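I'll look things up piece by piece and jot down what I find.

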Amino acid sequence: MKIIDKATVKHVALLSRLILNKDELELYSKQLASILSYISKLNEINTKDVPPTSHALATLKNVFRKDLLKPSLNTDDVLKNAPSKEGAFFKCPQVIEGK
Amino acid sequence: MENLYSLTAHELRELIDKKSLEPSRILDEIFKRIELLDDKIKAFVLVNKLNAKAETKIGKLFGIPVLIKDNICVKDENTTCASKILEGFKPPYDATVIKKLKLEGAVLIGKANMDEFAFGSSCETSFYGPTKNPWDLERIPGGSSGGSAAAVAADETILALGSDTGGSIRQPASLCGVVGLKPTYGRVSRYGLIAFASSLDQIGPIAKDVKDAALLLNVIAGHDEMDSTSVDLPVPDYRKSLVKDVKGLRIGVPKEYFVKGIDKDVEEAIKKAINILKDLGAKTIDISLPHTEYALSTYYIVAPAEASSNLARFDGVQYGFRAKDAKDLIDMYVQTRSQGFGNEAKRRILLGTYCLSSGYYDAYYLKAQKVRTKIKEDFDNAFGSLCDCIITPTSPTPAFKIGERIEEPLSMYLSDIYTIPANLAGLPAMSVPCGFSKNNLPIGMQILAKPFAEETIFRTAYTFEQVTDFHKKKPKL
C-alpha cells in the first residue's frame with residue numbers, strides 16, 4: 001500500500017464533492033497518511049484463501065417483501081424539509097446546460 | 001423519599017403500578033433537573049418540554065422519560081446527528097424504535113448530543129460543542145453516544161437510546177459509570193437510524209442498571225420488515241435472565257486485551273471484577289483472540305468506506321442545509337457539503353472514498369473484509385467450545401480531558417480498541433460499571449457473548465451488580 005500524497009487527496013476530495021482549502025489539504029494529507037500507514041499493518045496477514053465478510057452473521061439471504069399496495073408518505077410531508085421546492089418537486093440549480 | 005429523578009425505570013414503574021405515583025411528577029422533576037444541570041453538562045441538543053407526554057397510559061414504559069440520541073428519527077422533531085448539514089431537519093416519520101417506545105407509553109424528553117454523525121469517541125466533534133462528563137466537567141463523556149450516557153449518569157433522564165458502530169454505546173457508558181448494551185447485529189431494527197456504517201450499526205439501551213437495560217431492550221428488540229438486516233428470531237423476555245447465578249459459567253479472558261497501553265487502575269478493576277464472579281462460582285479460562293491487534297485497522301477501512309457512501313445523500317437537495325450562491329448543481333453539492341460537514345466527517349469521507357476508489361478497493365476494502373473474517377473466526381473458536389462469555393475492559397483508560405486527543409485522530413481512534421471487535425463480528429456486548437480510578441472516574445467492564453446470547457450477558461452482569469454497588473454511585477453535581 002503506498003502512502004497518499006496531496007494530489008491524491010485533492011482528487012479524492014473531488015470524488016467526495018468536497019473542496020479543501022490550503023490548510024485543510026495540508027492537514028488531511030498528513031493525517032490520512034498517518035492513518036493509512038497504521039492501517040497497512042493488515043498486510044502482515046495472509047488472506048489469500050480467506051473469503052470476505054460483508055455481513056457479520058451467517059444469515060445472508062435475499063429479503064423479499066410481499067408486493068402489496070401500501071400508503072406512502074404524502075408529498076407535502078416529503079417536501080417539508082426541502083431547502084427549495086416548487087409544486088410537487090425539489091428545486092435545485094439548473095442541471096442541463098442551455099436556455 | 002429519595003428524589004424521583006435518581007430512581008431507576010423499574011423502581012418508578014413499581015410506584016406507578018401501585019398507584020402511589022403520578023407519572024407527571026417524574027417529568028416535573030426531570031425537567032427541573034435538566035434546567036439546573038444541563039448548562040454545565042450539555043447532554044441535550046433539544047429539550048422537549050412542551051410536547052413531552054405519554055401517548056398511551058398502558059405499556060411497559062408508561063410515564064418513563066427516555067432521551068433519544070440525535071441520529072434517531074423522531075417525527076416532526078429536530079434530528080440533526082449533531083451536524084450543521086442537517087440543521088432544522090424534522091423527519092416525516094418515526095424510527096421503528098421510536099414507534100415501539102411510543103406504543104409502550106414512554107415519554108420522549110429530548111434529543112441527546114453526540115459526535116457529528118457518530119464519528120468520534122468524545123462528543124467533541126458535535127456541531128453544538130462538547131458534552132461534559134458528569135464525574136469531572138473538564139473531561140469528555142466518551143462517544144459517540146456521550147449525551148445519552150452523560151444524561152443517564154447525571155439523572156437528567158431515566159433511560160436513553162444510543163447507537164453503537166465501534167463502541168459508541170459501551171465506551172461512553174463505561175466512562176460515565178452507567179450500563180450500555182450493544183445488541184447483536186440484527187436484533188434491533190435500524191429503520192430511522194441515520195446510517196453511519198451499515199454493516200456495523202446497532203441501536204441499544206443506556207441505563208442506570210442492568211434490569212433497566214433489559215426492560216428497554218424488551219421494548220425495542222424484534223424483527224422489522226422495514227430493515228432487511230433485522231433478524232426474524234423470537235425475542236425472549238430479557239427480565240427472565242436477571243438471575244443471580246453464575247455457577248459453572250465459563251468466562252474467557254483474552255490475553256490480547258491486557259497488554260501495553262492499558263491504564264493500571266482499569267486493569268486492576270477488571271481483574272478484581274473477574275475474581276468476584278469467580279468467587280460466585282464462575283470459571284475463568286485464558287483464551288487468545290490472535291487477530292485483535294488488526295481490528296482497529298480493519299474498522300478504519302470498513303467504517304469510513306461505508307460512511308462515505310451513506311453520507312453521499314447529504315447534498316442540499318432534499319433536506320437540511322443548502323449553501324447559498326452556488327454557480328451550478330455540482331457547485332451547490334460541493335459548497336453545501338464543504339460548509340455543512342465538520343472536520344472529522346470530512347476526514348472520514350475522504351478516507352472512505354479513497355479506500356473504495358478505483359485501484360485501491362482490493363488493497364483496502366476487500367483486504368479489510370477478509371481480515372474481518374479472521375477476527376470473526378477468533379470469536380467463533382472461543383465461543384464454539386471454550387467459553388460462554390468473554391470479559392475485557394470496555395475502554396483502555398478512564399475519561400480523558402477535553403481537547404487531549406482531538407488534534408490527533410489516531411490517538412482518538414485508539415479509544416475504541418476494545419469495543420470495535422464486537423461490531424466487526426456482530427456480537428452482543430455490554431459495559432457495566434465495575435470500579436473507579438484513583439481520581440474517582442468510573443471504569444467499565446465489557447461482557448461479550450455469541451450472537452443472540454444477550455441472555456448470558458444479562459445474567460452475568462446482573463449477578464455482578466447484585467454483589468457490588470458501583471452502579472449506585474452518583475457524581476457530585
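Before counting anything, I wrote down what "buried" means: under 20% relative accessible area, with exposed being over 50% and partly exposed in between (1.4 Å probe, protein chains only). I also noted that this is a predicted model, where local features need pLDDT of at least 70, side-chain atom pairs count only at pLDDT 80 or more, and totals for chains, interfaces and linings use all residues. Residues are numbered from 1 along each chain as its sequence is written, chains are lettered from A in the order in which they are written, and side-chain values use heavy atoms, leaving out hydrogens and water.

**Entry: chain A**

I checked how much of chain A is buried, and buried residues make up 29% of its 99 residues. Next I looked up the elements, where helices (H or I, at least four residues) and strands (E, at least two) are DSSP runs numbered from the N terminus. Chain A has three helices and two strands, and from the N terminus on they run α-α-α-β-β.

For chain A I got 23 Å, while a compact globule of 99 residues would have a value near 13 Å. The C-alpha trace of chain A spans about 55 × 45 × 25 Å along its principal axes.

I looked at contacts too (heavy atoms within 4.5 Å). Of the contacts in chain A between residues at least 6 apart in sequence, 30% join residues at least 24 apart.

**Entry: chain B**

I turned to chain B and found 14 helices and eleven strands. Its radius of gyration is 21 Å, close to the 23 Å from the globule rule for 477 residues, so chain B is as compact as a globular protein of that length. The C-alpha atoms of chain B fill a box of roughly 70 × 55 × 45 Å along the principal axes.

Buried residues make up 68% of the 477 residues in chain B. For its contacts between residues at least 6 apart in sequence, I noted that 75% join residues at least 24 apart.

**Entry: one helix in chain B**

Which residues are buried in helix α3 (residues 96-103) of chain B? I listed B:Thr96, B:Val97, B:Ile98, B:Leu101 and B:Lys102. A reminder to myself: an α-helix has 3.6 residues a turn, so residues three or four places apart point the same way. The buried residues of α3(B) pack against β2 (65-69), β3 (107-112), β4, β6 and α6 of chain B. Just after α3(B), I spotted B:Gly105 with a positive phi of about 80°.

**Entry: salt bridges**

My rule here is a side-chain nitrogen of Lys or Arg within 4 Å of a carboxyl oxygen of Asp or Glu. That gives 24 salt bridges over all chains.

I picked out A:Lys41 and B:Glu293, whose side chains meet at 2.9 Å, N to O. This pair crosses between chains, from the loop between α2 (22-39) and α3 (75-79) of chain A to the loop between β8 (283-287) and α8 (295-310) of chain B. A:Lys41 counts as partly exposed at 22% relative accessibility, and B:Glu293 is partly exposed at 43%.

Inside chain B, I found B:Lys208 bridged to B:Asp155, with the closest N and O atoms 2.9 Å apart. B:Lys208 lies in the loop between β6 (202-207) and α6 (210-220) and B:Asp155 in the loop between α4 (146-153) and β4 (159-164), so the pair ties together parts 53 residues apart in sequence. Both B:Lys208 and B:Asp155 are buried.

B:Asp155 also forms a salt bridge with B:Lys474, again with the closest N and O atoms 2.9 Å apart. B:Lys474 sits in the segment after α14 (454-466) of chain B, so this pair ties together parts 319 residues apart in sequence. B:Asp155 has 3% relative accessibility, whereas B:Lys474 is partly exposed at 36%.

**Entry: B:Asn343**

Is B:Asn343 buried or partly exposed? At 43% relative accessibility, B:Asn343 counts as partly exposed. Leaving aside neighbours within four places in sequence, B:Asn343 is in contact with A:Glu24 and A:Tyr28.

Notes:
The radius of gyration is taken over C-alpha atoms; the globule rule is 2.2 Å times the number of residues to the power 0.38.
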